[in-house]
Amino acid sequence: MTRPSIAGRPDHVRADIRQFADTLARFQAGQVAESTFLEFRLRHGVYGQRQDGVHMMRSKLPLGLLGADQLDAFADLTHAYASGVAHLTTRQDIQVHFVPLAQTPDLMRVLARAELTAREACGNVVRNVCATPLAGVSPHEAFDVTPHGMALARFLLRHPDGQSLGRKFKVTFAGSADRAFNLTAIHDLGLTATVNGDQRGFIVDVGGGLGAVPHEAQRLTDFLPEAELLPLTLAIVRVFARHGEKNSRARARMKFLVARWGIARIRAEVDAERARLAFDPTWTQHLRHPDPIWTDRPLHGPAPHHPAPEGPDVWLQKQHGYAVVKARVPRGDLSPEQLRAVAHLLRTHTGDTLRIGWDQSLYIRQVPFDRVDAVRTGLSRIGLGGPRPGGLADPVTCPGADTCKLGITSPRAVARQVQDKLQALARTSPRLAALRIHISGCPNSCAQHQLADIGFFGAARTRDGVTAPHYMVLVGGEQDGRVPGPAPLGTGFSTTIIKLPAARLATAVERLSALYLQHAEPDETAGSVFRRLGRATIRSHLTDLRTLPSPLEAPELYREHGRSEPFAVVRGTGECAGAVVLGADLLLMEADQAREQLRLAVETHAPGPTVHQRALAAMTLAARALLDADGQTNPADIVHAFRRTFYDTGRILEGVGFYLLEAHAEPAESVSGDRIRRLVIEADLFVEEAHAALGRLRNPSRGVA
């Protein structure tokens, strides 16, 4: 049976590329406004980098599914048009960087020949549909969600109801409740396979998301018949398109609509929208085939009586005699040579396809037991073997400030800096080898640092007018964002502990690892240990590391690892300069102290109004610091002055700046429940953004990407 193309009908793909090439030519001729072209190119997977004249280009790979020919295509385009690196994302995509804008149509044509597309890989649309990389082979799954995920991805691609969203919309599938492979809690729409009697269907969760402030998804229904998958998803997308925030992009995700309305109203609106939909026969076409059309088929039969392989890089499939081998991809980066070598491994040993994992790994499936060692050897020869994939010695990183306009620091530089220390630690204990390290270049969690055992996100600190790269340290995240039983503030997202210079992260990991081993009960997760110990205890083991000597005493702390140029916060475009006023440093110091008082209030279970008061105090002090640096030493109305000077003018990230405005407007007595948790995180992020913004004000010559 011939599989339908992931990219959709060939004539649609050709039309996409023609339209993009024509619009690009008109833009270059000055016939299309820059703002209009920006949204247009994003919807075709072309994303601006901080470097002038080049772009990041992302493909759309539903379920992270890739065949050998497609791996070869990525090798070709990476070599011909990009920087020689194909980067695996945490949402099962591949993106390449440093692509000249004029060459983006050519790159699209290479993808099209391999039945791939970049359409709707970026922008305010339904993004890549994800799924567990073990779909179809896991012994624990209720059923294979591959045909359902592919059907939904194809159905939503180019769908007119998905073209007018206020922000992006993310979907994922899970075959079971297995916490290692179920990320429904952090998606706008999460679908977990389940069986009710003899009927297959899905548990449906909505409104999850990470970003700077994570929200856990809420249960929409405990059972959705599989025939209702496409129409109900369409109804949810329509409700989001109609009612999601349009004026403030920072509040325009589905998670904010769920938080504002509550799940009962969401459910009622979705049900009403579903009732208005006229029947479409395409809703159930994917259910009519007796054999799933996207199930990968092995190249070789199983070896009779061969022993089952063992190791942290292997899963035994439900198909007898076969295993999945997980390939470690350092920093998520693959060279053209590695891509072609992996394609050769598929053609030699396994068959049709592999899957990209959420931790920037490759899951090579349908490997007969007697060929596992050969696949492992082949991976090691090309640098994709080694320590436990996804574990301590294999940190997950985003590109950060290397290419991203929002990046503050370079996670790849940190990963290289700490690599030797992590490998040495991993060799000392199997429990340590399994620890998960995720490093993001800013608070937005492209590396999913809130789900890690130990997470970091990029930050900055200024001393004597010079800015040094720092990271916020977080601990205690659970892989799925959920935690069983009672937990502080009720979630499995990680907790912010302390901000440290980038150069000291290896020492921090070493101490946190020792703390974990010292206190862990048998089979207890790192997240459970860290939550049980509490923030104050963990922080006490790291406090001495936060000291920042002057630039003259320790100039190496003011540079990224491996870089000779001074560090500077460079984010976005059009940043405005301000005078260097040392009084701002004192105000930020007070803001840091205020947020420590805020943390103490939460740890001692202070009531919501007290938490609100302290959060507002921390953010107000940080706002005063920025105004002071701008020459406004004593404004009569701090919030109004902040809005006029920084928020309305775009001199601070809209989403973060909104936190102060929202807290100032909300009644303190209304703060309770999960709002307490979010308010604490928002205050933390606001103060951190103030530190970064002050760095930009003091380095105006480096403040434009």
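Since the model is predicted, local features need pLDDT of at least 70 and side-chain atom pairs count only at pLDDT 80 or more, while totals for chains, interfaces and linings use all residues.

View 1. Helices (H or I, at least four residues) and strands (E, at least two) are DSSP runs, numbered from the N terminus. Two strands pair if DSSP finds at least two bridges between them. Strands of a sheet pair through backbone hydrogen bonds, either parallel or antiparallel.

**View 2. Helices H6 and H8 packed against each other**. Here H6 (residues 229–243) meets H8 (residues 263–276) at an angle of about 115 degrees, and their axes are 8 Å apart. Contact means heavy atoms within 4.5 Å. On the H6 side, the contact is made by Pro-231, Leu-232, Ala-235, Ile-236, Arg-238, Val-239, Arg-242 and His-243. On the H8 side, the residues are Glu-269, Val-270, Glu-273, Arg-274 and Arg-276. Sorted by type, the residues of this contact are six nonpolar, one polar and six charged. In this sorting, Ala, Val, Leu, Ile, Met, Phe, Trp, Tyr, Cys and Pro count as nonpolar, Asp, Glu, Lys and Arg as charged, and the others, Gly among them, as polar.

**View 3. A cluster of aromatic rings involving Phe-20**. Rings of Phe, Tyr and Trp (its six-membered ring) pair if their centres lie within 6.5 Å; planes under 30 degrees apart count as stacked, over 60 as edge-to-face and the rest as tilted. By this rule the count comes to 14 aromatic pairs. One of them is Phe-20 with Phe-37, a tilted pair at 6.3 Å centre to centre with 40 degrees between the planes. Phe-20 belongs to helix H1 (residues 10–28) and Phe-37 to helix H2 (residues 34–42), so this pair ties together parts that are 17 residues apart in sequence. Phe-20 also pairs with Phe-40: the ring centres are 5.7 Å apart and the planes at 10 degrees, so this pair is stacked. Phe-40 lies in H2 as well, so here the parts tied together are 20 residues apart in sequence. Buried means under 20% relative accessible area, exposed over 50%, partly exposed in between (1.4 Å probe, protein chains only). Phe-20 is buried at 0% relative accessibility, Phe-37 is buried at 2%, and Phe-40 is buried at 15%. Together, Phe-20, Phe-27, Phe-37 and Phe-40 form one aromatic cluster.

**View 4. Strand E14 and its two strand partners, E3 and E15**. Strand E14 (residues 353–356) includes Thr-353, which is buried at 5% relative accessibility. Although Thr-353 and Leu-66 are 287 residues apart along the chain, their C-alpha atoms are separated by 5.4 Å. E3 (residues 65–67) runs antiparallel to E14 and is joined to it by three bridges, with Leu-66 opposite Leu-354. E14 also pairs with E15 (residues 362–368) in the antiparallel sense, over three bridges, and Ile-356 has Leu-362 as its bridge partner. E14 and E15 form a hairpin with five residues between them, and Gln-360 in the turn has a positive phi of about 60 degrees. Both faces of E14 are covered: Thr-353 and Arg-355 are buried on one side, Leu-354 and Ile-356 on the other.

**View 5. Strand E8 between a parallel and an antiparallel partner**. E7 (residues 169–174) pairs with E8 in the parallel sense over four bridges, and Val-171 stands opposite Leu-189. E9 (residues 199–206) runs antiparallel to E8, joined by eight bridges; Thr-194 has Gly-201 as its bridge partner. E8 and E9 form a hairpin with two residues between them, where Gly-197 in the turn has a positive phi of about 65 degrees. E8 (residues 189–196) is mostly covered, with six of its eight residues buried.

Methods
Residues are numbered from 1 along each chain as its sequence is written. Side-chain values use heavy atoms; hydrogens and water are left out. Axes are lines fitted to C-alpha atoms, for helices over the stretch in contact, and angles run from 0 to 180 degrees between N-to-C directions.
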